[in-house]
Amino acid sequence: VSNITTTSADLSWSINANATSYDVQYRIVGSGTWNTVNTATNSLSIASLSPASNYEWQIRANCVNGNSFYVSGSNFTTLTPPCNDVTNPIVSNIGTSSADLGWDVVSGATGYSVQYRISGNQTWANANAATNSLSLTGLNYSSTYEWQVQTNCQYSNSNFVNGSNFST
């Protein structure tokens, strides 16, 4: 197996001099149904795979006098698509006990995780946002807050990115 990406991989094997073609089967490990492809060469590029998934595959030679048994190839795992960090975290509409947080939309995001706390505290408060903004309420009067935001994607999460500190 070579050239593994998020949705594709190249499979290859030694040539069987008696083979007229090869049947290649592949599937996510443990799933019930094999995908079968016939090829005349000793390599095959497979696409439309699921990202971050473990695949198994097997191959057999088709010969004039019958087919060989299937032989398993090495399992492989498709790559996890990147989950990009947010950019341009900003704070606006700061009140005595509230503030609005915002950042640029990240393509592929399924949501965002926000952590905030009074500067110097050990414990973060956690909040989730479905979009690229979040209104914080119930903040302490005349306090300085620090905050950070993380992109959540289908297969992974980004790093936390710090926003500018703000004071209520």
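Asn-3 lies in the segment before strand 1 (9-12), where strands are DSSP runs of E with at least two residues and helices are runs of H or I with at least four, both numbered from the N terminus. The model is predicted, so local features require pLDDT of at least 70 and side-chain atom pairs pLDDT 80 or more, while totals for chains, interfaces and linings use all residues. Residues are numbered from 1 along each chain as its sequence is written, and side-chain values rest on heavy atoms, with hydrogens and water left out.

### Overall form

The protein contains 16 strands and zero helices. Its C-alpha trace spans about 85 × 25 × 25 Å along the principal axes. The radius of gyration, taken over C-alpha atoms, is 26 Å, whereas a compact globule of 168 residues would have a value near 15 Å; that rule is 2.2 Å times the number of residues to the power 0.38. The accessible surface comes to about 9300 Å², of which 44% belongs to carbon and sulfur atoms, as computed by the Shrake-Rupley method with a 1.4 Å probe. Of the 168 residues, 36% count as buried, meaning under 20% relative accessible area, with exposed set at over 50% and partly exposed in between. Among contacts (heavy atoms within 4.5 Å) between residues at least 6 apart in sequence, 60% join residues at least 24 apart.

### The loop between strands 8 and 9

Thr-78 sits in the loop between strand 8 (76-77) and strand 9 (90-92). Its side chain reaches the backbone oxygen of Ser-50 at 2.6 Å, and a polar atom of the side chain of Thr-78 also lies 2.9 Å from the backbone nitrogen of Ser-53. Leaving aside neighbours within four places in sequence, Thr-78 is in contact with Ile-4, Thr-5, Thr-6, Leu-49, Ser-50, Pro-51, Ala-52, Ser-53 and Tyr-55.

Cys-83 is in this loop as well, and Cys-153 is in strand 14, so that their pairing links distant parts of the chain, 70 residues apart. With a disulfide taken as two cysteine sulfur atoms within 2.5 Å, the count comes to one: Cys-83 is joined to Cys-153 with an S to S distance of 2.1 Å. The torsion about this S-S bond is about 80°, and therefore the disulfide is right-handed.

Asn-88 is found in the loop between strand 8 and strand 9 too, and its phi is positive, about 55°, although it is not a glycine. Asn-3, in the segment before strand 1, likewise has a positive phi, near 50°, in a residue other than glycine.

### Accessibility of the residues described

| Residue | Relative accessibility | Class |
|---|---|---|
| Thr-78 | 2% | buried |
| Cys-83 | 12% | buried |
| Cys-153 | 13% | buried |
| Asn-88 | 48% | partly exposed |
| Asn-3 | 55% | exposed |

Notes. Buried < 20%, exposed > 50% of the residue type's maximum accessible area, 1.4 Å probe, protein only. Polar contact = N/O pair within 3.5 Å; in protein donor to acceptor, adjacent residues only side chain to side chain.
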